[in-house]
Amino acid sequence: MIALDDIDRRILRALMRDARRSAGALGRDLGLSQPAVWRRIRRLQDAGVLKGRRVRLNLDALGFGVTVFLGVKLALKGRVGLGDFERAASAIPEVQLVQHVLGRYDYRLRVVARDLPDFERVLRRRIMTLPGVGDVEANVLLSNERRPGPLRGPLGG
Amino acid sequence: MFALDDTDRRLLRQLQAEGDAGLADLAARCGVTVATASRRLARLESAGVIEGYEAVIDWRALGFAVEVSLRVNLDKTQPRAFDDFITAARDIPEVMDIQTFLGRVDVRLTVLARDMRHYQEIYRDRILGLPHINDIEALVLVSDVKNSESLPL
């Protein structure tokens with residue numbers, strides 16, 4: 001496992017906010033030369049910590065007004081393979097996230113839709129017809145705050 | 001709402017599929033010139049459709065092997081239940097997401113931990129001390145089957 005120092009953590013935090021910051025700009029903020037920042041970024045990439053970048057789109061501007069998290073319990077465990085459910089759920093374009101979990105539910109799904117009637121259509125036609133689907137609980141997302149996570153304090157140890 | 005045409009849609013689809021793609025690569029895959037791709041992306045950014053680009057971090061590579069989704073039901077007889085809870089949750093470094101909901105769940109926290117023992121520490125020492133909790137329920141992540149954050153454009 002890779003050990004991080006405070007400068008590594010600051011680089012990761014900055015890149016989480018804006019992945020396009022150049023090594024030069026980061027270096028100016030951190031009091032380091034551009035090659036020194038570049039070496040650190042390369043090391044984080046090689047260790048598999050930095051896995052690339054992702055575009056952040058504004059859902060409202062694109063007309064996706066509703067995000068719903070679903071807890072799904074499978075009804076017929078054993079008879080329907082988990083693989084069947086996972087493949088079918090992953091193939092639904094409106095489903096952004098499929099997580100296999102332990103607890104009250106077997107799966108967590110994140111669904112995006114234009115509005116509530118559109119969500120109802122996805123729920124009825126796509127989700128309720130998934131192989132093996134049992135109890136489904138829906139919670140409509142109201143606000144979403146992404147935190148820097150454990151990059152604030154010392155890691156590892 | 002921003003009206004996308006086919007070129008915008010192609011660009012956004014490719015960007016969602018591969019956020020790392022360079023401009024020339026992106027333009028080639030969308031069948032447009034680099035100048036067009038560059039102009040379109042600038043327009044989508046100034047219109048606020050593209051909010052930015054964020055680094056994807058693999059927390060497992062940093063030793064955080066455990067991810068737990070904590071679903072919290074709050075005591076709504078307390079008028080400041082949401083504000084107090086969220087403010088206090090922000091102080092816990094291992095809390096990655098704070099989401100509020102309409103439904104049976106009021107607030108959901110994503111918690112990262114190095115292992116189950118570390119999780120137990122966070123849960124007992126930090127989470128259970130958060131204000132106005134009525135009920136709390138944990139879903140432990142086994143695996144991400146799909147995690148695209150892609151929109152069906």
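**Architecture and interface of a predicted two-chain model**

Strand E1 of chain B (residues 50-57) pairs with E1(A) in the antiparallel sense over 6 bridges; two strands are taken to pair if DSSP finds at least two bridges between them. Strands (E, at least two residues) and helices (H or I, at least four) are DSSP runs, numbered from the N terminus. Within this pairing, A:Arg53 stands opposite B:Ala55 in E1(B). The model is a predicted one, in which local features need pLDDT of at least 70 and side-chain atom pairs count only at pLDDT 80 or more, while totals for chains, interfaces and linings use all residues. Residues are numbered from 1 along each chain as its sequence is written, and chains are lettered from A and ligands numbered from 1 in the order in which they are written.

The contact between the chains involves 59 residues of chain A and 55 residues of chain B, where contact is defined by C-beta atoms, placed from the backbone, that lie within 7 Å. On the side of chain A that touches chain B, two or more residues each come from helix H1 (6-17), strand E1 (50-57), helix H4 (82-90), strand E3 (95-102), strand E4 (107-113) and strand E5 (133-146). The largest share of this side, 10 residues, is supplied by E5(A). By residue class, this side of chain A consists of 28 nonpolar, 15 polar and 16 charged residues; Ala, Val, Leu, Ile, Met, Phe, Trp, Tyr, Cys and Pro are counted as nonpolar, Asp, Glu, Lys and Arg as charged, and the others, Gly among them, as polar.

Chain A contains 5 helices and 5 strands, arranged from the N terminus on as α-α-α-β-β-α-β-β-α-β. The radius of gyration of chain A is 21 Å, well over the 15 Å that the globule rule gives for 157 residues, so chain A is more spread out than a compact globule. The radius is taken over C-alpha atoms, and the globule rule is 2.2 Å times the number of residues to the power 0.38. Along the principal axes, the C-alpha atoms of chain A fill a box of roughly 55 × 40 × 25 Å. Chain A is divided into domain 1 (7-55) and domain 2 (66-140), with bounds that come from an automatic or database domain assignment. The C-alpha centres of these two domains of chain A lie 36 Å apart. Of the 157 residues of chain A, 31% count as buried. A residue is termed buried if 20 or more other C-beta atoms lie within 10 Å of its own, exposed if 12 or fewer do, and partly exposed in between, with C-beta atoms placed from the backbone. Among contacts in chain A between residues at least 6 apart in sequence, 62% join residues at least 24 apart.

For chain B, 5 helices and 5 strands are likewise found, and from the N terminus on they run α-α-α-β-β-α-β-β-α-β. The radius of gyration of chain B is 20 Å, against the 15 Å that the globule rule gives for 153 residues, so chain B is more spread out than a compact globule. The C-alpha trace of chain B spans about 55 × 35 × 25 Å along its principal axes. The domain assignment of chain B gives domain 1 (6-46) and domain 2 (60-140), and 38 Å separate their centres, taken over C-alpha atoms. Buried residues make up 32% of the 153 residues in chain B.

The largest nonpolar core has 71 residues, and those with the most contacts inside it are A:Leu70, A:Leu109, A:Val111 and B:Val111. Such a core is a set of buried Ala, Val, Leu, Ile, Met, Phe, Trp, Tyr and Cys residues joined through C-beta atoms within 7 Å. Leaving aside residues up to four places away in sequence, A:Leu109 touches A:Leu70, A:Val72, A:Ala89, A:Val95, A:Leu97 and A:Val98.

Individual residues of chain B complete the description. B:Leu102 lies in strand E3 (residues 95-102) of chain B and is exposed, with 12 other C-beta atoms within 10 Å. Residues up to four places away in sequence not being counted, B:Leu102 touches A:Asn139, A:Val140 and A:Leu142. B:His132, in the loop between helix H5 (116-125) and strand E5 (133-147) of chain B, has a phi near 65°, a positive value in a residue other than glycine. B:His132 is buried, with 20 other C-beta atoms within 10 Å. A positive phi of about 55° is also found for B:Glu149, which is not a glycine and lies in the segment after E5 of chain B. B:Glu149 counts as partly exposed, with 15 C-beta neighbours inside 10 Å.

Terms used: Two residues are in contact if their C-beta atoms, placed from the backbone, lie within 7 Å.
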